[in-house]
Amino acid sequence: MHVHQHAQRNVSFHLFFPIVVNEANFVRKCINTENNQDDLWGKLICTNFKVSFIPNDDPHKRLSHKLLGEHDIPLTCLEQVVTVNDTKGKKKVLGSNQKLKFNPTELILYCKDLRILRFCFNEAGPESARKVCLAIGHYSHPADLQLLFGFEYQGRRYHEFKVNGYPQRTGLRTPFFDRSSDWDREIKRTSASEWRVCSINEDYIISPSLPEFIVVPVSMADQDLKQYSLYFTDMRVPLWCWNHHNGSALVRMASVVDPLTQRKTDQKIFTAITRSHPHRSEVLKSELDKCLPNILEIQNAFIKIRQICTLDPFEESEERWLSTIENSRWLEFVRAFLKQSAEIVYYLDGKNVSVIIQEEEDRDLNCVVSSLVQLMLDPHYRSLIGFQSLVQKEWVMAGHRFLDRCNHLKKNDKEESPLFVLFLDCVWQMMNQYPAAFEFTEAYLTVLSDSMWIPLFSTFLFSSSKQRAQNLMEFAKNKAIPSAEDPTLYFPSVWEWSLQYSTKDQTLFNNPMYVGKGAACVQNGEVKSFSRTKQKSFSSTLRGSATSLRNGLRGGEDTLPRRGSLMSELKPDFSPAKDESPSERYFKEWFSRPADLHGLLIPVLMPSHMALWKLFFLRWVPEACISKGGPITAYHKLSQLVDEIEILRSQLRQYKGASPASTPLKGQRGRPSEQRNMYFRAYSPDEPQTPPDYLTSSFPFNPAGNLCRRYVYGTPISKFLNGARIWLSTETLANDTV
């Protein structure tokens, strides 16, 4: 995140610089493909952590990340390293321990955060150009997990802090769910009195991919669980996720290994879950493998939409460009996951029955759907700490294969798939429709996605709790760290945001529109306060029918639809009442009422309501960057308004509690700057009342310095950026002037 303000670098980081492996001087960073008037000249450096470009004269000077400069790319963020010799017409993709038989004239870096960077070596020495390219190719393909820079960095950081003391932690702690007490609190919070914490997997003796502590029905004995584990893939016994206040539970489960034991195993598990329900309601099972895209389809869709948003020129009409987005199937898949989650919500909330979601390994699709269901049902997970605890619980501790799906070691492209990015896109779709229901912002979601590519935090580096524990144990031994030391001290999680951003920059995560518990909101000119109340049925906004799920106990009264029906068009709202299913009546009834931001939230799932997440997909595209435009303009004004309200409230408190001698002076601005919650502060009376020049549609990211695909004058996007209400077709534009 490169916000447009001067910021201090992390002093502790400078105590242990990354090792410089190779460098080249007189390198040109290309900004435009058609001319070089905006190009930057400087030094290209490869370290064991990142690729850095240091311009000779950078007019921007806009750094905010404590560990990365504006022109830095972590090595784990590199998707492809391509060298080019344009005079000989040669090109080569570099990896580890490779040779280069030609002198490169260009280096193109394709990044996992969708940046594309191009460097030219016309003035650099051919030998130094060759060496720096080979170094980048080699160090971006580590042979082993322990060779990632985070292990070296955190080891030195630990010993430095042992001498000088650890920085004081502030704010609420995100629960890691690596101890029974975190699960106990979650059971109590959701009133899941018929469920208990179980430690049969302590030291990972049952399943290598499950956490040490899991939640199971009270009626199920440990000995029975150990026996049942033999029937499941990777011995993953069913995991409790969440409880509705009506008693229904959401449970996730891997596939049964032997089809012959399927029914018998289901019967035992379902009986225990039924007993945990106060009304002994039936249990329904959703087999996600049969109704959602697989990891390969998701990866292919992402590759296509990435190509459209980062490489293809903006020459098409709006209709053609949007159709190419649609043909990528990415938004179709986003909609499919949201729709499947909404259907499960209907059974949990509308029919008061428990639901099991099942996939083969219980480590990919289940992570997405279980998280979305809880996000829709429980407003706690729409707070910042709540959302982080949701990711920790349903992704990190549940054993999502981050190491493989992110392909950090670049060993197996077939295992790579952006499941977590897909989930964040689904969350953004909900935020886009219910902007006041979430405490955090889309900038937070984007920063969170970027953090997957910074190998300094334990959260997204490993594929299971056991793998994390084994690697950190080996790491501690190699770095002479006592075995009894808390791992979060020597290899922190990504939730320690102060290690990446200043307190001021972290306020960009705060949503000024958020209507939290007890927060004030203006309605019809009156200030009202909201509080969460239990309802007979939470609110939702799904247009169309929810597909039914198969009842695992009774075997086939409801059949789970295949993928074709999931992707089909939703029924129109004017369906005759006699044709309405119970689920349609359920959703239609709620949709006739105002949305309760503290109840269930389900996005409208008509295809027209699925939007492209522009801040994520287009933030690095200079052609798509609109000066003083985009959602940031509204965010800027709202933040200032909220800051002004906070100042007035602070002043009122001071006046009410102050003696005459200590009455605040006129013009005093309330709370100290470091305690204010908004990034954009209220204007002082003597300040100009205009938005700052650095505000763009890409804020808080800065596309300056990234490769333009082509000159945009005379194309539909130039017309769009210059104020046209729609993008005109190329034919129309040919007869018009900008």
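**Figure 1. Aspartate 72 and lysine 50 meet in a salt bridge.** A salt bridge here is a side-chain nitrogen of Lys or Arg within 4 Å of a carboxyl oxygen of Asp or Glu. The pair links distant parts of the chain: aspartate 72 sits in strand β4 and lysine 50 in strand β3, 22 residues apart. Strands (E, at least two residues) and helices (H or I, at least four) are DSSP runs, numbered from the N terminus. Aspartate 72 and lysine 50 are buried. Buried means under 20% relative accessible area, exposed over 50%, and partly exposed in between (1.4 Å probe, protein chains only). The model is predicted: local features need pLDDT of at least 70, side-chain atom pairs count only at pLDDT 80 or more, and totals for chains, interfaces and linings use all residues. Residues are numbered from 1 along each chain as its sequence is written, and side-chain values use heavy atoms, without hydrogens and water.

**Figure 2. Aspartate 39 forms a salt bridge with arginine 28.** Their closest N and O atoms are 2.6 Å apart. Aspartate 39 lies in the loop between β1 and β2, while arginine 28 belongs to strand β1, eleven residues away. Aspartate 39 is buried, at 10% relative accessible area. Arginine 28 is buried too, at 12%.

**Figure 3. Arginine 173 and aspartate 182 join in a salt bridge.** Here the N to O distance is 3.9 Å. Arginine 173 is partly exposed, with a relative accessible area of 42%. Aspartate 182 counts as buried, at 2%. Elsewhere, salt bridges that share partners tie Arg236, Arg252, Asp362, Lys393 and Glu394 into one network. The whole structure holds 32 salt bridges.

**Figure 4. Eight strands build an open sheet.** Their order is β4-β3-β2-β1-β8-β7-β5-β6, with antiparallel pairing. Two strands pair if DSSP finds at least two bridges between them. β4 (72-74) and β6 (90-93) stand at the edges with a single partner strand each, so one side of each has no neighbour in the sheet. The twist averages 30° from one strand to the next. Angles run from 0 to 180 degrees between N-to-C directions, and axes are lines fitted to C-alpha atoms, for helices over the stretch in contact.

**Figure 5. β2 pairs with β1 and with β3.** Seven bridges join β1 to β2, which run antiparallel. Glutamate 23 has isoleucine 45 of β2 as its bridge partner. On the other pairing, β2 and β3 share five bridges in the antiparallel sense. Leucine 44 stands opposite phenylalanine 53 in β3. Two residues separate β2 from β3 in this hairpin. Six of the eight residues of β2 are buried.

**Figure 6. β7 and β8 pair in the antiparallel sense.** Residues 106-111 make up β7 and residues 116-120 make up β8, with five bridges between them. Leucine 109 has leucine 117 in β8 as its bridge partner.

**Figure 7. Helix α6 crosses helix α8.** The axes of α6 (residues 295-310) and α8 (residues 330-350) come within 8 Å and cross at roughly 135°. That makes α6 oblique to α8. Angles under 35 degrees count as roughly parallel, over 145 as roughly antiparallel, 65 to 115 as roughly perpendicular, and the rest as oblique. Glu297, Ile298, Ala301, Phe302 and Ile305 of α6 meet Trp330, Phe333 and Phe337 of α8. Contact means heavy atoms within 4.5 Å.
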